[in-house]
Structures are given as C-alpha cells and as structure tokens.
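Here is a walk through one structure, from whole chains down to single residues. Please keep the sequence and the 3D view at hand while reading.

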Amino acid sequence: MIKQNLSLLEERSIFLLREAVSRFDNVAALWSMGKDSTAMLAVARKAFVSKIPFPVIHIDNGIDFPETYEFRDLLTKKWKLDLIVAESKIKKELSGFSCCGSNKTEALKKIMKEQGFNALIVSIRRDEHGIRSKERYVSKRNKDFKWDYKNQKAELWDDYSSKIEEGEHARIHPLLDWNEIDVWNYTQAEKIPVNPLYFSRNGFRYRSLGCTHCTSMIKSNAKNIPQIMAELKVSTTEERQGRDQDKEKDYVMSKLRALGYM
Amino acid sequence: MISNRVTLLGHKDHGKSTLIGSMLIVTKSVSSERLEKAKSISSKLGKIFEPGFIIDSFEEEHEGGLTIDTSRASLVFNGNFIEFIDVPGHEELIGNMITGASYGDTALIIISALRNEGITEQTKRHVLIAKMLDIKNLIVAVNKMDLISYDEKTFNKIKNEFKTYLDRIGWTWCTFVPISAYKMENLISRSGKIPWYEGECLITTILNAPKSKVSQSKKLSIILQGNLDNNTILGKILSGSIHINDKLLILPYMKNCKIENIFVKNKSSKIARKGINVAIRVNPPIGVTRGNVASTKNSNLHTVKAFDSLVFPIRNQRGDISININGTISKSLIAPKALIDKYGGLKDSKVLKSLSVSFATVRVQDVVVIERSIPELSRFTMYDSKGFLGIGVIK
Ligand SMILES: Nc1nc2c(ncn2[C@@H]2O[C@H](COP(=O)(O)OP(=O)(O)O)[C@@H](O)[C@H]2O)c(=O)[nH]1
C-alpha cells in the first residue's frame, strides 16, 4: 500500500474544510468514532485553530460496541465537540443492505431535515472502494439523498462553487485523497486517540468499523499502530472485506451510495 | 517519495483503461480481489480478459464499454510513486476530460496503431487542451502494436505525422513509445518483440520526464476564504511569504492592515510560506470573503474588469456567461476575436466555436484580482445556463 506525504495531504484537507465552512451556512460532520472521521476532526482542529466550528453527528443504532461509546464520550469532552446523536432504529431484517442502508440513511435524513444542514462532511477515501474513485471533493446529493454521479461538476482549479437548491445538500470529502495507511501514519504522528477495537485481541481485530451486526473481524496480531502499518504493507486484500455488505452483490455498494449511505 | 502524476488522453477505444489495468498487473499493484472481480466480469460479458475492468468499476461502464468519469489508479515501481488519471475519451464528456487532465504533470496520449484508428481529430483536440492546461511533458504511446505485427514503418508514420502537428502547436518536450497495452509489451521493460526500437520502455520514459515547476513568483498572494473571528482571516498562501508585523493589502477593496499573529495549523508562527494554509490575526479587524486576495502594496497585483484570454468552450456560445475565477463567480460578457484553426493558425471569428481555442476579451461585472505570473490567479472556468462551458487562461 502506498504512503503519501502527510503534510501535503493535511494542507489540502484544511483547505477543503475551510471551503466547506466558507461556502455553506449550515455545515455538520459525520463522526463514526472510526479512524477516518476521527483523523478528519484532528485536521479540523488545525484548520480552525483548535475549535471546530461545526457540530458532529453520530448515527447511533443503539448497538454499537461499548468501546465505541466510551471513546465517543471521552473525545467529545477532550476536544469540546458539539455532538449530535441521531438515533437510528434497527429494523427486523439485519442483512447488510437493509440494516445499514436504510436505517442509517433514514436517521441521517431526519436529523439533516430537523437541523437544516446543507453541507455534510464525510470522511470517505478514494482507495476504499472502486466506486469511490468517481467521487468529488464537493459532491451534490438531491433531496432523496441520491448521487447523480454521471452528471457531476468539474472541480477544475479548486472550483467548488456548487449551487445547492432547497432540500439538497453537499457532501464534502476532505480525506478523499488519503489512503488507509496515510490515516494510520497521521494518527500515529499526531497522537490521535484510537478506538481500541482496531487493535488485536485474541488474534483478531477490526480493520474497518461498521455496526456490530455487519462488521466482522480479521485475523491479526497487530496490537498498535506500527504493527497495523506493517500488516498493511503486505496486505493484498481490501479494507472493507470484513463488512457483510461487500460480500453481497458486485454492485450493492453503488446502490447503497445512491441511497445516501456513505 | 517523488510523485508522478500522469493523465491519460486519447480517442475512446485506443486503449487507455487497458493500459492502466495492465500497468497495475505488471507492477503487482492490484489486490487479488480486484483482479478476480475484473476476471469474473469479463467472463460474465463473454470476453477473455479485459485488464481495463480493473479500474472501470461502474456497471454502466462495463456494459457500455466506455469510461464515463475520471478514475485514478496508483502504483509503485522501484520505489517511485506513479498516479494514473484516466479521463473519458468521448466528445460529450469533454468537460470531465478537462477536469481529469488538469490534475497531471505529464500527459500520456494513446494512439492506436490500427489503420482504421490512428490519429483522429479527438487525439489532436486532447493535446490542444493539455497545452492550455499548461502540462509540460507529453508522452505518445503508440498502442495495439501486437495487432500490426510490431511494424516499424507504421510506428514511424504515426510518429512523423503527429510530430508535425505537435511542432505547430508548440510542444517542446515529447517522446514516442510503441507498446501493446493488452499483451503488456514494452511497459516496464524493453520488449523483445520490438528490436528496432531504441528508446526506453514506457515506465522509464514516464519517470524520466522533467518534473513540472511550481510558480516561482516572489509577489505575495494569499487567497482568502473567510474570517475565523473579527480579527482573524483564513487563507492559503499561493506565492511569497509573510512575517509577523508585515503590512497587508486586501484586494480588491484596497484595505490595509498589519499582521499581529500567524497561526500555522494550531501553532503561532513568526513566518509562513507558499503552500501553507494560514490563519492571520490582523489589526484593524477586517471582514473578508472568498475571492478576496491578500497581498502587499509593492506586489502590484491587478484588479480589473476586463482582460484578454485564450478560451476553450465545449458548446457554441457568445455574449453572456459566468466565469469562476479564484473561487468566485462573476457575470461576464465574452467577446471573441479570433479562432485558432486546426493547423495552429489564426482566423477572425465573432463566436466561440465549440471545441476550438479562441482569443477573446472577457468583461466582468465585478472587479477581479488577476496576476499573470501566478497560475491560480490567471485561469478561470466558464459557465452558461446549461452548466460547465469550458476553460480560459488569461494572456
Ligand atoms: N490487441 C490489443 N487490443 C487492445 C490493446 N489495447 C486495448 N485493446 C482493446 O481495445 C479495446 C478498447 O480498449 P480500452 O482500454 O477499453 O479503451 P479506452 O476507451 O481508451 O479506455 C478493448 O477491447 C481492448 O481489449 C492492445 O494493445 N492490443
């Protein structure tokens, strides 16, 4: 896996976060307590001289791991985050698609509407999944949260001036250029707190965090970040392999994205 | 690590996706899952194996057999990082193509050696755009050599014909490499099938291309994004550097202030240079918006309401348009003067002709800040009621 220059990545992300705040009057960020969205918050603290100027949303299905809740409360206090917890109800059918896709999206839609957010910062990365190679830094979603990927604005020369109509919103992707290994490298260099679920216990760890129902563990003895990075250097599998969703159909991901799940 | 960004250009079906897919395979930069997936999709569609399917990941792309949007793929070869940017090669999507091309330092244009493919209008148009986007290096890969028995004569014919065109439009650095993307010949080592070829293989040619130079202007320019609070402004330094106690001039409104403190990331700093996103505490307090530029009195950046430029529209258009320059949209009136014809000559013209380069005067409703020696302050995008209209470079 390819390591990139952290300070260039960080400068770019700072610029994008400031663009988001300057262009949209009601911005929020999604925070899953995973490594990516936590790294994004660390960058945001640098972009805005320690005080993050937008609320962070946790979509809480009530069954996340206890470690995740503890981690959330600890960091909220430490970084003085304006946390919004959006409750998502688990429906009967718990297979990947209907669980994450519909429940989380419903909860997100509800909170966005209630609070009138017109821009949402989402910490996806281009290397996560084939379909994400098509993403833009600022990407429009219509009122049903649909992504019209065939008809996207050219983001030529830092031109992010997307016009957002009533009911639509913009997704801002400040970490789009980062690779999985860069996030770990940054987390280590900046001493960012890490959700303990990423570290190995009894020979297994989580490489990517969804909820308890659709995330499974990978075999690993990595107990700290350097060991995780060493593991990634030789890995030939993809990061989201531990998630049930990907094992379904080839194109389920593009459908989830079209539905508004990130 | 030195980074090399290569934009792939060329007529649809001449082999861009195949080349990226093959490059990923021969440098072992693709996950086993992605490779398996590409194989299974190939067989589902009744094909032997299409390396191009490694990067085209949308359903529609496999079925329709064409790339609809920019894709990126990275690889490491002997410790060098190379990022390929694949852009759509068909006419309706030239807007996407322009975006993709603007990311690269080097452009790699693919020309199929097949008799019925070869150099097309689109091939020429793509290099013209790359020229406008200020890409310095051009590598021409003559592809599908396997289908013409690696014939030297055909390669030379394409090379001479295309070189004549490149000379006319003024490319200074270009090199020609014969390859077979599909059979993976001459990609990462010299191919035994092409003994008559004396140059380097494709990847060595890419790594040897001169590195692009960044703006060397010493004038101070900071594009501003807004205020953090009354006293603190946020922005990115495009050129020059700032120190505590320096005086700033905020354009276009010509307001003066003094730097009291500089924050680089979370920390207070005495100095900040080009490329850094800064927060600057100023006195007196100043309210800024996106599109404002901070500079100094002696830097002499221009605030103008009209300028001459080279433009490339993707539709026929005249009169009222909007331009986005330095992150702000301004209503504008565009008056074309002349057109650059396909041989590189000038022809009088009063309309902006679709997919051609024109000279034009642009009049903006509000004043804008421009500076020809700083790329970010001398280029713009154009829009009309239908959306993205094209690009322009201030001359
Ligand atoms: N025989 C042969 N076929 C090729 C070669 N390169 C590409 N092709 C085929 O040409 C077709 C178009 O290639 P593709 O990579 O999709 O073109 P793109 O539209 O430029 O991305 C596909 O069927 C490829 O298999 C080559 O070097 N040799």
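The paragraphs below take up the chains, then the ligand, then a few residues.

This is a predicted model. Chain A has eight helices and eight strands. Of its 262 residues, 62% are buried. The accessible surface of chain A amounts to about 10,600 Å², and carbon and sulfur atoms account for 52% of that surface. Contacts in chain A between residues at least 6 apart in sequence can also be sorted by separation: 74% of them link residues at least 24 apart.

Chain B contains seven helices and 22 strands. It has 395 residues, and 55% of them are buried. Its accessible surface is about 17,000 Å², with 50% belonging to carbon and sulfur atoms. Among the contacts in chain B that join residues at least 6 apart in sequence, 68% are between residues at least 24 apart.

The next topic is the ligand. Which residues come nearest to the ligand? They are B:Asp13, B:Lys16, B:Ser17, B:Thr18 and B:Asp146, out of 16 residues around it. The shell around the ligand is made up of three nonpolar, seven polar and six charged residues. Helix H1 of chain B, which spans residues 16-26, is the element that gives the most to this shell, with three residues.

Some of the atom pairs between protein and ligand can be listed one by one. At B:Lys16, a backbone N or O atom lies 2.8 Å from an oxygen atom of the ligand. B:Ala181 also has a backbone N or O atom by an oxygen atom of the ligand, at 2.9 Å. At B:Ser180 the side chain takes part: one of its N or O atoms is 3.2 Å from an oxygen atom of the ligand. Taken on its own, the ligand has 580 Å² of accessible area, and the protein covers 83% of it.

Cysteines come next. How many disulfides does the structure hold over all chains? The count is zero. A disulfide would need the two sulfur atoms to lie within 2.5 Å. Another cysteine, B:Cys257, has a relative accessibility of 4% and therefore counts as buried, since the cut-off for buried is under 20%.

Two further residues show how position and burial can be read together. In chain B, B:Ile135 sits in the loop between helix H5 (121-132) and strand S5 (137-143). Is B:Ile135 buried or exposed? Its relative accessibility is 6%, so B:Ile135 counts as buried. B:Ile135 and B:Ile179 are 44 residues apart along the chain, and their C-alpha atoms are separated by 23 Å.

In chain A, A:His58 belongs to strand S2, residues 56-60. A:His58 has a relative accessible area of 1% and is therefore buried. Which residues is A:His58 in contact with, leaving aside its neighbours within four places in sequence? They are A:Trp31, A:Met33, A:Asp64, A:Tyr69, A:Arg72, A:Leu83, A:Ile84, A:Val85 and A:Ala86.

Methods: Residues are numbered from 1 along each chain as its sequence is written. Chains are lettered from A and ligands numbered from 1 in the order in which they are written. This is a predicted model: local features need pLDDT of at least 70, side-chain atom pairs count only at pLDDT 80 or more; totals for chains, interfaces and linings use all residues. Side-chain values use heavy atoms; hydrogens and water are left out. A residue is near a molecule or strand if one of its heavy atoms lies within 4 Å of it. A polar contact is a pair of N or O atoms within 3.5 Å; within protein, one must be able to donate a hydrogen and the other to accept it, and residues adjacent in sequence count only if both atoms are side-chain atoms. Accessible areas come from the Shrake-Rupley method with a 1.4 Å probe; for residues, only the protein chains shown count as cover. Helices (H or I, at least four residues) and strands (E, at least two) are DSSP runs, numbered from the N terminus. Ala, Val, Leu, Ile, Met, Phe, Trp, Tyr, Cys and Pro count as nonpolar, Asp, Glu, Lys and Arg as charged, and the others, Gly among them, as polar. Buried means under 20% relative accessible area, exposed over 50%, partly exposed in between (1.4 Å probe, protein chains only). Contact means heavy atoms within 4.5 Å.
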